[in-house]
Amino acid sequence: MTIESTLSTVRHEVGGFTVVWASGDGTDGQLSVRHADRILWESIPGEAFLSTSQGAPDVQESRGFFAIRDPQTPRSTTQSIDAIDSSEDGLVLQGWLDGSLRVAWRLALRALDDRQLEMVASLPDGPGDHPRLHLRFSSSPDERFFGFGEQFTHVDLKGRQIDILSQEPGIGRGVQPLTWVMNAFFGAGGDDTRSNAPVPHFVTSRCRSLALENHELSRFDLRRPDRVEVEVWSGTIRARIFAGCTPAELIEAYTRMSGRMAPLPEWIQEGAIVGMQGGTAAVREMAARLAEAEVPVSAFWLQDWVGARKTSAGWQLWWNWELDPVRYPDWDGLRDELAAGGARVMAYVNPFLVDVGEREQACQRNLFEEARQQGFLVRNAADAPYLVQNTSFSAAMVDLTHPGCRSWLKDVLRDQVLGVGVSGWMADFGEALPFDAKLHDGSDAATYHNEYPEAWAQLNREVVAEAGLEGEVAFFVRSGFTRSPGHSTLFWLGDQLTSWRAEDGIRSAVTGLLSSGFSGFSQNHSDIGGYTTTAIPGFPFKIPFLDHRRSRELLWRWIELNAFTAVFRTHEGNQPGRNYQIDGDGETLAHFARFARVYAALGAVRIRLGKEAAATGLPVVRHPWMVFPDDPQAASLAWQFMLGDALMIAPVLDPGVETVDIYLPRGQWQHLWSDTTVEVENGGWFRASSPLGAPAVFFRAGDPAGLALVAALDDAGDRAVAVGRPVLEALGSHVARP
């Protein structure tokens, strides 16, 4: 695909940006965007940067997973640039795309502020049916690509192709033969780039950043070393190019667009959020056990407050948002008892409704039936409620394009969720809207699909705000898109496998934290121990290679990991009886108590970082390159992270090991669990002792946050451990990483 023009080289100032079209005098045609003499974006010399084709989409939804087929006509082969016109608003380029069809194109460039340039490419004469507009620009072979929302397998996405579509990420995601079985029988295995919360946005190691404003499905192809190909299922590409010399500056600029997350309520910082089920008596028993073990608890998250049902996946909930008084008798008394001990109560909701007419236990309200009668449910082609299969039952999604539905659902959440005295909830799901659904306002469901998670978070936020509880109540979401950070109070990383695997396990939680921070997900965390257990219910024995259950060691290491993240929350998993739990034995409970105290001791640090996130968009958990942008090794790191700008954490992510390799940038670093310090001249790799109870954590020597943490742990007797070998062994500047 070539580019043609009779225009000679021209240079235009667009706000603080410079747009250059270079042509003539032996120079191949090339368009570039610059800022302060830095090239932020450039086309490939002599090649078209825009092309178009027509698609024939076939997108099938199953349990929140999407199978995408889209055979396309051949792309246009030639792009001409016939005019470049400047105005007070910016710059407009126009020309023709030639191939099987000849269509006009238009590119408008406009400075939004000192760090954002808007780029809108369109086909003004009409794009035809199912248009696909393609944008191509250059990359260097060694350029790393970070971001794209929550990514779980790869921190650096160079060499990958990513579909930006909010959906279930999959069970296994490449862990074989589990993924094959899940795909073959349920279409649920997923792959290495699927995500609940993808975002069409990246930051590169060359400090270049671009984001799409489109909600339509987009595809970023980074498989060729010298280029990026972006495909959007639309006749218009709405993009923004961001200017900055460091990743922190680019994140600050990007989050002007995406919105920024507010600080979490301070009560969350005081201890563990304990996820459990079982009813009033079970909660009272657990609360007493945790108090005896001196576990600081900020809340009990009781997802089965609505009642539980047995399904093919284990125990799930009745999606009818009212308190189950049989499972939780004396709810008010329980809540008051927990509050007297310093703990709050959190609940669970999602945007689905099930017909509780089939439930043996009577309910006060059948929300499904109320919504059906008022036209508040997403509809199918026959104008009936569109029932989405979950496991062994189906449910209908509320139609968030319907103003009446939004008002009704907010009343439900206010009266029946906040009304029972909870201080927050999990706002689950949001990624399953089928492409062939019918919506109240006439929106195309294929376009609204990625907007639905944003609208779901926004509705929950409005419930909190309208109740006057901003900064006091928190909800956590797993689905998301570009502007979700501006609406959400907290994210969590969805349903990891209860395994050690990088594709879908404890390693994927670290990857999710690192990647999402580039896209404005400032407050994020994972389920301690993971969620998805793949033991087949009813089978008395394990099936080799398919059975994943939470082990004692995995739980211990995940506890250590999450103590240094934004939120310290447990989950029993989808099959609690087959997973090791925090009270599985006395040593495990003591380990959990100790790291809950570590988490609480870092509360002041996280409060400060939360305020910084609200002001700048920087995440609480940071990729080391965000803090050390001039360190050439920092951008390559994948299995360690920083809490703020002072603490470096390299969690143990493999079974049966008691050391980790950690990279320490230039400076003096102190080991958290001992008095060992090391002076690093130019950055280097070290092998750190990491027995159970002492993960590799270092802080910049003399840093007030690190010293305060040491003092707090010493006062509680929680710092000293037997490391059993030298704390730190130098490995040199480079080592092979797993």
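Which residue forms a salt bridge with glutamate 13, and how far apart are the closest N and O atoms?

**View 1. A salt bridge between arginine 11 and glutamate 13.** In this predicted model, the partner of glutamate 13 is arginine 11, and the closest N and O atoms of the salt bridge are 3.9 Å apart. Both residues are exposed, glutamate 13 as well as arginine 11. Side chains of opposite charge can pair when their charged atoms come close. The structure as a whole holds 60 salt bridges, and two further examples are taken up in the next views.

**View 2. A salt bridge between arginine 227 and glutamate 47.** The side chains of arginine 227 and glutamate 47 meet in a salt bridge, with 2.8 Å from N to O. This pair links distant parts of the chain, since arginine 227 belongs to strand β19 (residues 227–232), while glutamate 47 sits in the loop between β5 and β6 (50–54), 180 residues apart. Arginine 227 counts as buried because its relative accessibility is 6%, and buried here means under 20%.

View 3. Arginine 335 and aspartate 332 form a salt bridge whose closest N and O atoms are 2.9 Å apart. Both residues lie in helix α4 (residues 331–340), where they are three residues apart, or about one turn of the helix. Aspartate 332 is partly exposed, because its relative accessible area is 46%. Elsewhere, salt bridges that share partners join Glu47, Arg75, Arg136, Asp226, Arg227 and Glu229 into one network.

**View 4. A nonpolar patch on the surface.** Trp180, Phe185 and Phe186 form this patch, and together they have about 400 Å² of accessible area. Phenylalanine 186 is placed in helix α1 (residues 178–186), and with a relative accessibility of 41% phenylalanine 186 counts as partly exposed.

**View 5. The largest cavity and its lining.** The model has three cavities of 30 Å³ or more, and the largest cavity has a volume of about 70 Å³. Its lining consists of 14 residues, of which Leu40, Phe137, Ser138, Phe202 and Arg208 are the closest to its centre. Strands β5 (38–42), β13 (131–138), β16 (198–204) and β17 (209–212) each supply at least two residues of the lining of the largest cavity, and β5 gives the most, with three residues. Sorted by class, the lining of the largest cavity has seven nonpolar, four polar and three charged residues.

**View 6. The second largest pocket and its lining.** About 290 Å³ of space lies in the second largest pocket. The second largest pocket is lined by 13 residues, and nearest its centre lie Pro57, His130, Trp233, Asp444 and Ala446. Two or more residues of this lining come from each of the elements β7 (58–62), β13 and α7 (445–448). By class, the lining of the second largest pocket has seven nonpolar, two polar and four charged residues.

**View 7. Alanine 197 and leucine 493.** Alanine 197 is found in the loop between α1 and β16, and alanine 197 is buried, because its relative accessible area is 0%. Along the chain, alanine 197 and leucine 493 are 296 residues apart, whereas their C-alpha atoms are separated by 8.7 Å.

Definitions and conventions: Residues numbered from 1 in each chain as written. Predicted model: local features only at pLDDT ≥ 70, side-chain atom pairs only at ≥ 80, totals over all residues. Heavy atoms only, no water. Patch = residues over 30% accessible without salt bridge, like charges linked within 9 Å, V, L, I, M, F, W, Y side chains within 5 Å. Areas by Shrake-Rupley, 256 points an atom, 1.4 Å probe, with all protein chains shown as cover. Salt bridge = Lys/Arg side-chain N within 4 Å of Asp/Glu carboxyl O. Helix = DSSP H or I, 4+ residues; strand = E, 2+ residues; numbered from the N terminus. Buried < 20%, exposed > 50% of the residue type's maximum accessible area, 1.4 Å probe, protein only. 1 Å grid on protein atoms, 1.4 Å probe; cavity = no way out; pocket = protein on both sides within 12 Å on 5 of 7 lines; lining within 4 Å. Points joined across faces, edges and corners; volume = space filled by probe spheres on them. Nonpolar A, V, L, I, M, F, W, Y, C, P; charged D, E, K, R; others polar.
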